[in-house]
Structure formats: structure tokens, C-alpha cells
Amino acid sequence: SPTADQTAPVPTPTPTNEEQNISPDPLFGRVFRPEITDENRNQIKEFSELLRKEPLFETNSTQLEQFLSEESLHRYLRARRFDLQAAKDMMVKSFSWYLDSRPDLLNPNDLRNEIVSGLVKCPGTDQHGRPIIILDPTQPIFPPSAGSLLSPSSNPNPNPTGSSPNVSLSSTSLAATSRTTSTPNLSSPKSQLLLLTLDRATHLLKDPVEKFLIFIPLQKLELSTLQTTSLPLPLISETLVTMMNHFPERLGHCILFQAGWFFSSLIWKPISLLLEPVTRSKVVFINGDYADGSDNDKLLKTLIGDDWKQKTGIAPTPPSSVIASTTTSSESSVPPVIGQPVEISASTPDPQPVAAVVTPVEDKKPEGRVEDQKYFELVVRDWEQYSQPNTHGANNDNSNHVENNSEKNDSNSSSSLTGTESQN
């Protein structure tokens, strides 16, 4: 299995979900794409021929051709354990989703307020080359940008008056609601921001890396802050469900940082019900002390890098209350278990609250913090580089299409979805 400093793909055969879960290496199967065997190529060819017969593809071949790269087809097949019919059903749903959402039409200049909010961003990559996607549901709600697809009269969620939102904390009702909204609704600027960020992350990938890392800081999340911040359940569930359904085999790890009793008891359970077991196995809970040299610090250095705090925007030193709460329990010193997220059931008592510093939400204005403004400028700059025709999409891969069409390639093929990425 690969180590942190390896740059070659993991060896074939592709590890099964069970093998990934029991591997002592937390990075096994969570960074690199597996090599494609001759048997895989035969399956991929058959899969490609099957998809090209789909009416939806025949009438939208120009927009959907990007889905038929060798790497993209391989990921969908792996996601469905090489069951051709199941993989085809999944791909057809992604066809429809892409045509409805069209992330290639999103312009970061039209989503400035959303980008500088700090709600969802992809500032760079970890030490393994995986794009880091940061979801921060504790950020204050900003008014939608003038160029976004949301008008004030059709705003389904924002809370401009600061009044307490109508939140139902029933796990069953939340899960049911999330299932009906698993496909992003482009009338929501948050969904537009999510798609734009996922598209950006895809363009940051460099072969043989194929995975993303999601980092969710929750240390400021409390029931009292929900009236001024984004609701965490829709944001997190939409991200994970979108990746599970339309970005198969892209998630390497999802780190829930300092998820206290409120999140674990009332928010994580309905989200976990939406996820497949293999997706849940990639969730890592980090609670307690994360000072230099602690078990949490060592784990995050393995998953992200020695500079994980800088890359994720976490304070260099944890609050004293977090350190104190860690030393009061002998169990809390045990390193988090990879692949075994906390499961909350009706018969399971609520976890004991973890002491945390109560930090008032910043009264940020739409222009955002300096670092958020710099991030916006970075997003626009990079977008201008990769926003040429045929360089967008949810399935950007570093491989050739599954057909002999090399004579059709023009001078721009090296920057297309099926060519070699040139972005850093």
C-alpha cells in the first residue's frame, strides 16, 4: 500500500471496500487511482458502447462526451463493483444531473459574495496532491450576489433579518428532506458555490491522484448560532450526497473537526442515513486536543501534511478547555479510528458535551476578510485559465476517450477534460 511520499498508483487489483476498511494504512485506496488492467479495459469498452446507445447521450453528445473518458468510466464501474447495469443507471443519472446543473456555465465573478463568505472553498491541495475542500457551516449568511441565479423573492433559505430559522431537529424528517434535495438546486447560490468549488477541485487534480479531501471545522457550531449562520445539515449532506452520486470514487477522506455533542446527536445521524457504507467509512471524527505532538495532530499530519493547521485555517494552539476535556477521560486519548465513524442510535445515550470556547460570530460585511478576498481573486484567476471550451465538468479525468478518435484531437486537447491537466 502507498506511503505518504509515493507518487505511483496503487497496485492492482483494485482493493475492495472491505480491504480498504481493515487496512492499517489510513491512506490505502484514498489517494491514487488504481491501474487499469486489460480486463478492466474490456469492461470499460463494453460500458462505453452501452452508454452511447442511451437516448440522453445521443441527443447531448457534445456536452456529455467528457463522461466517457477511460478514467471516468472506470470510476463509475468501480463505484458499482463492475456491475454494468448498475453503473449505467448511475451514469445516466449523472448525465441528467449535469445537463440540469451545468457547472460549466457558472462564473465566479457572479458569485463573489458567496465565495468571500468562506462557506465553501478549495484553497489548495494536501501533501498527497488531493484538493482540500473546506466546508465551514459556521460562517455568517451573506446576501446573494447580484449575478447569482437567486432573486430575493425566490430565496428558499437565507435569513436576512436575523430571525430564528424554522428548524426541525427531527432526524427522520431531516433525512427525508435531504433525500428529496440531493441534486443541487441552481436557484440556491450555495449550490452554485458548491458546484463551482467541486469543479475547481477537479481541475486541481494531477494524475495519478484522483481523490478529494473534505475538511469541516465545527468547533464554533452551537444551537445558539444557527440563527446567524448557514444550516449545517443541508450544506454537508448536499456535498456528500452530490459526491457520492455524481463524483464517484472522488472522496478520499471527510474530516469532521471538533464535532461536539450537538452535531453528533442532532445533525450527523440524518446525514449518515443518506450515505452508502463505503462513503461513511471515509469519515474521520477529530475531537479533543490537537496540539503539536498529540494523537490528533499526528493523524492529521498523516492525512493532510505537517502544515495542516495553516491549510485548513485552524488556530495553531487549541483552546485550553479542549485540552482539559481531553485529559479528563482515558478513552479520549485513543486515536480516532479510520473507517469507523460514530453511529448514533435511538438506544445510544447522547455523547457527553465537549467543552469549547464560545466565539461570537463575526459581523462580516459582504466584502469578506482579507484572506477571503484573496481567495476570490485566486479562484477567478484559475477559472480564467481553465474555462476554455471543453475544460469543465464533474468528471474531469487525465485520460483518453474510449474510442479511436485521436485524429479528431486539436491543439487544445492537452487542456481538455480528457487530456493532461496543466493546472497546479
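This is a short walk through the structure in your viewer, one selection at a time.

**Before you start**

The model is predicted, so local features are taken from residues with pLDDT of at least 70 and side-chain atom pairs from pLDDT 80 or more, while totals for chains, interfaces and linings use all residues. Residues are numbered from 1 along each chain as its sequence is written, and side-chain values use heavy atoms, with hydrogens and water left out.

**The whole protein**

Start with a cartoon view. The protein has 17 helices and five strands; these are DSSP runs numbered from the N terminus, with helices being H or I of at least four residues and strands E of at least two. Of its 424 residues, 50% are buried. Buried here means under 20% relative accessible area, exposed means over 50%, and partly exposed lies in between (1.4 Å probe, protein chains only). Now think about contacts, meaning heavy atoms within 4.5 Å. Among contacts between residues at least 6 apart in sequence, 80% join residues at least 24 apart.

**Into the core**

Next, select Ile133, Ile214, Ile255, Leu256, Phe263 and Ile304. Within the largest nonpolar core, which has 84 residues, these six touch the most other members. A nonpolar core is a set of buried Ala, Val, Leu, Ile, Met, Phe, Trp, Tyr and Cys residues joined through side-chain atoms within 4.5 Å.

Stay on Ile133. Leaving out neighbours within four places in sequence, its contacts include Val120, Cys122, Leu198, Ala201 and Leu213.

Move on to Leu213, which is in strand β3. Is Leu213 buried or exposed? Leu213 is buried, because its relative accessible area is 0%. Beyond residues up to four places away in sequence, Leu213 touches Asp126, Arg130, Pro131, Ile132, Ile133, His253, Ile255, Leu303 and Ile304.

Select Cys122 and Cys254. Cys122 is buried at 0% relative accessible area, and Cys254 also counts as buried, at 0% relative accessibility. How many disulfides are there? The count is zero, using the rule that a disulfide is a pair of cysteine sulfur atoms within 2.5 Å.

**Phe95 in helix α6**

Now go to Phe95, in helix α6. Phe95 counts as buried because its relative accessibility is 0%. Apart from residues up to four places away in sequence, Phe95 touches Leu51, Leu56, Phe57, Leu64, Phe67 and Leu68.

**Where two helices cross**

Show helix α9 (residues 189–204) with helix α17 (residues 370–386). Their axes come within 11 Å and cross at roughly 65 degrees. Axes are lines fitted to C-alpha atoms, for helices over the stretch in contact, and angles run from 0 to 180 degrees between N-to-C directions. The crossing of α9 and α17 is left-handed, which means that the near helix is turned anticlockwise from the far one by less than a right angle. Which residues meet here? Asp199, Arg200 and His203 of α9 meet Tyr375, Leu378, Val379, Asp382 and Tyr386 of α17.

**Loops worth a click**

- Pro208 lies in the loop between α9 and β3 (212–217), and a cis peptide bond with omega of about 10 degrees joins Asp207 to Pro208.
- Arg81 lies in the loop between α5 (70–79) and α6 (84–101); its phi is near 50 degrees, a positive value in a residue other than glycine.
- Arg102 is found in the loop between α6 and α7 (112–116), and has a positive phi of about 45 degrees although it is not a glycine.
- Ile267 lies in the loop between α11 (261–266) and α12 (268–273). Ile267 counts as buried, at 5% relative accessibility. The C-alpha atoms of Ile267 and Leu233 are separated by 6.0 Å, and the two residues are 34 apart along the chain.
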